[in-house]
Amino acid sequence: MTMFQYLVLVQDVAQDVAQDSMGQMDQASGQALWMTWWPLISARWIHFASVFVLFGSSFFWFYMPRDHSLTHPGQLTKTLAATTIMLRVAAPVAAISGVAWMALVLINMTSNFHSVVNPEDLRLFFFETPFGTVSIIRLALFATAVVLAFLPWHGRVWYSALLHLGAVLLISQAWLGHASEGGAGLYGVIMITVYATHVLAAGAWAGGLPPLLSGLVEQRHFAPNEARICTVDILSRFSAMAMLAVTLIVVTGIANAGFRVAGSFEVLFDTEYGNVLFAKIAIVAVMLTLAYFNRFVFMPRLRSAALKGMPAITWLGRSVTFELALGLLVVFVAAVLGITPPPQ
Amino acid sequence: MQRFLKLLLAAGLAAPLVASPVFAHAFLDHAVPGVGLTVSGPVRELRLWYTQGVVTAFSAVSVASSTGGTIPASRPVNDPSDQQIVIVRLGRALGPGTYTVTWRALSVDTHTTTGTFHFTVT
């Protein structure tokens, strides 16, 4: 018997229990969860956002037109340099926030802040739980990402490596939350696949917004006609990717919600989980509206604009900035959703 | 393209419906000896069925007699064939009397739940 189990038994025996109960949220864990709520939410939020940047901002350069691609940076040299700096910041931030998230999960499991330095609890966590293996893999990925980020060269292989690291980090989150409840069978595989598709699509969309915004800003300094042509070109590429990503986000989002409530969507109403989920849907709906205006209102105007007086470019910049802010907000709500108990 | 999107949407909606339901967090479904029931004969082990897979490394089950004395027991282990079943082997066979089982379960989604129930041995 471990020290942890002994302490729980002593505590439990000391309690005067009067009624049969099929279970409730652990009160001790609830208190620990309450004390660690903001740190846990913050760690998850920062981690999601930084990994989205690792994946989505790297990915951006692989669907750009050849003139602006990694092999031919063309005129977007400042945007490429800004993306490199952003990735170099995102990697250590993802590593630090990822380790913090892991530590806070352990604290909530044991209801004990000292468990993060207790060798026995750490041994149990890493070697006797299903979270252990994935946590070890994630620690190795964090270390690789940090080492990669500080390498002096940053060519196509460097971007590709960070893109793949970001993708594996996003997918591996599935084993640290609700998506892991499907077990090892086909149902579990479907749940993990749906979750992985959801986060990868979301990462490609939201993580691609910072370099897109940077590109739009950089092109405003070009000659008017050149700016117009380049903006339409870049936006067309981003829109094509975003439309596929959004479709996948919506479909897998519905499926994810269905998994949480076992297909009974009506239980989402009047529950904390449902409220958080509806808040997320509302923010995504506003983002979709902005994306719709960018693609189907501003871009056609830009295509047919005269050489001078193209307010559409200015509006596009503002719209993408707002979309990016909403993206950060929706990642925050996703961080809350992951630790909110789904309705039974 | 439209046909593909419709198929995708249908797949997304259908995926949670065609599979057996699972629940977030592990709650007790049933147990042997049964919750609140009276059983005859000596009881040498407890089996607890949960609504979700349980990680026994950070879970605990205790058994106490009506006088409050703790019954020695093994650490909880999963049934090798089903992670939703937790088995606790008792240090001695339980004689006649009423017993209280108190449990704490860590589910595979990293959340913990607690519960308690009684059973009587005649």
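Me: A helix axis is a line fitted to C-alpha atoms over the stretch in contact, and angles between N-to-C directions run from 0 to 180 degrees. With that in hand, at roughly what angle do the axes of helix α4 and helix α8 of chain A cross?

Reply: This is a predicted model, and the values are computed from it. Helix α4 of chain A covers residues 77-110 and helix α8 of chain A covers residues 186-219; their axes come within 9 Å and cross at roughly 150 degrees. Angles over 145 degrees count as roughly antiparallel. α4(A) and α8(A) are therefore roughly antiparallel to each other.

Me: Is the crossing of α4(A) and α8(A) left-handed or right-handed, and which residues make the contact?

Reply: α4(A) passes α8(A) in a right-handed crossing. From α4(A), the contact takes in K78(A), T79(A), A82(A), T83(A) and M86(A); from α8(A), it takes in P210(A), P211(A), S214(A), G215(A) and E218(A). Sorted by class, the residues in this contact of α4(A) with α8(A) are four nonpolar, four polar and two charged.

Me: Next, helix α6 and helix α7 of chain A. At roughly what angle do their axes cross?

Reply: Helix α6 (residues 130-149) and helix α7 (residues 156-172) of chain A have axes that come within 10 Å and cross at roughly 155 degrees. Apply the cut-off again: α6(A) and α7(A) are therefore roughly antiparallel to each other. The crossing of α6(A) past α7(A) is left-handed.

Me: Which residues of α6(A) and α7(A) meet?

Reply: On the α6(A) side they are V134(A), I137(A), R138(A), L141(A), T144(A), A145(A) and L148(A); on the α7(A) side they are W158(A), A161(A), L162(A), L165(A), V168(A), L169(A) and S172(A). By class, this contact of α6(A) with α7(A) holds eleven nonpolar, two polar and one charged residues.

Me: How many helices and strands does chain A have, and how many does chain B have?

Reply: Chain A has eleven helices and one strand. Chain B has one helix and eight strands, and its elements run α-β-β-β-β-β-β-β-β from the N terminus. Of the 344 residues in chain A, 45% are buried; of the 122 residues in chain B, 44% are buried.

Me: How do strands of a sheet pair?

Reply: Strands pair through backbone hydrogen bonds, and the pairing is either parallel or antiparallel. Chain B shows each kind. Strand β7 (residues 97-107) and strand β8 of chain B pair in the antiparallel sense over ten bridges. Strand β2 (residues 38-39) of chain B pairs with β8(B) in the parallel sense over two bridges.

Me: Which residues stand opposite each other in these pairs?

Reply: T102(B) stands opposite T116(B) in β8(B). V39(B) has V121(B) in β8(B) as its bridge partner. The hairpin of β7(B) and β8(B) has four residues between the strands, and there T110(B) takes a positive phi near 80 degrees.

Me: Which strand joins β7(B) through eight bridges?

Reply: That is β4(B), which runs antiparallel to β7(B). In this pair S65(B) stands opposite Y99(B) in β7(B). Strand β4 of chain B (residues 54-65) is mostly covered, with eleven of its twelve residues buried. Strand β8 of chain B (residues 112-121) is also mostly covered, with seven of its ten residues buried.

Me: What is the strand order in the open sheet of four strands?

Reply: The order is β1-β3-β6-β5 in chain B, and the pairing is antiparallel. β1 (28-32) and β5 (77-79) of chain B stand at the edges with a single partner strand each, so one side of each has no neighbour in the sheet. On average, neighbouring strands in this sheet are turned by 30 degrees against each other, direction ignored. For β5(B), the partner is strand β6 (residues 82-94) of chain B, paired in the antiparallel sense over three bridges. There V77(B) has I87(B) in β6(B) as its bridge partner.

Me: Is T51(B) buried or exposed?

Reply: A residue counts as buried if 20 or more other C-beta atoms lie within 10 Å of its own. T51(B) has 22 within that distance, so T51(B) is buried. T51(B) is found in the loop between β3 (43-50) and β4 of chain B. T51(B) and H30(B) are 21 residues apart in sequence, and their C-alpha atoms are 9.1 Å apart in space.

Note on methods
Residues are numbered from 1 along each chain as its sequence is written. Chains are lettered from A and ligands numbered from 1 in the order in which they are written. This is a predicted model: local features need pLDDT of at least 70, side-chain atom pairs count only at pLDDT 80 or more; totals for chains, interfaces and linings use all residues. Two strands pair if DSSP finds at least two bridges between them. Angles under 35 degrees count as roughly parallel, over 145 as roughly antiparallel, 65 to 115 as roughly perpendicular and the rest as oblique. A crossing is left-handed if the near helix is turned anticlockwise from the far one by less than a right angle, and right-handed if clockwise. Two residues are in contact if their C-beta atoms, placed from the backbone, lie within 7 Å. Ala, Val, Leu, Ile, Met, Phe, Trp, Tyr, Cys and Pro count as nonpolar, Asp, Glu, Lys and Arg as charged, and the others, Gly among them, as polar.
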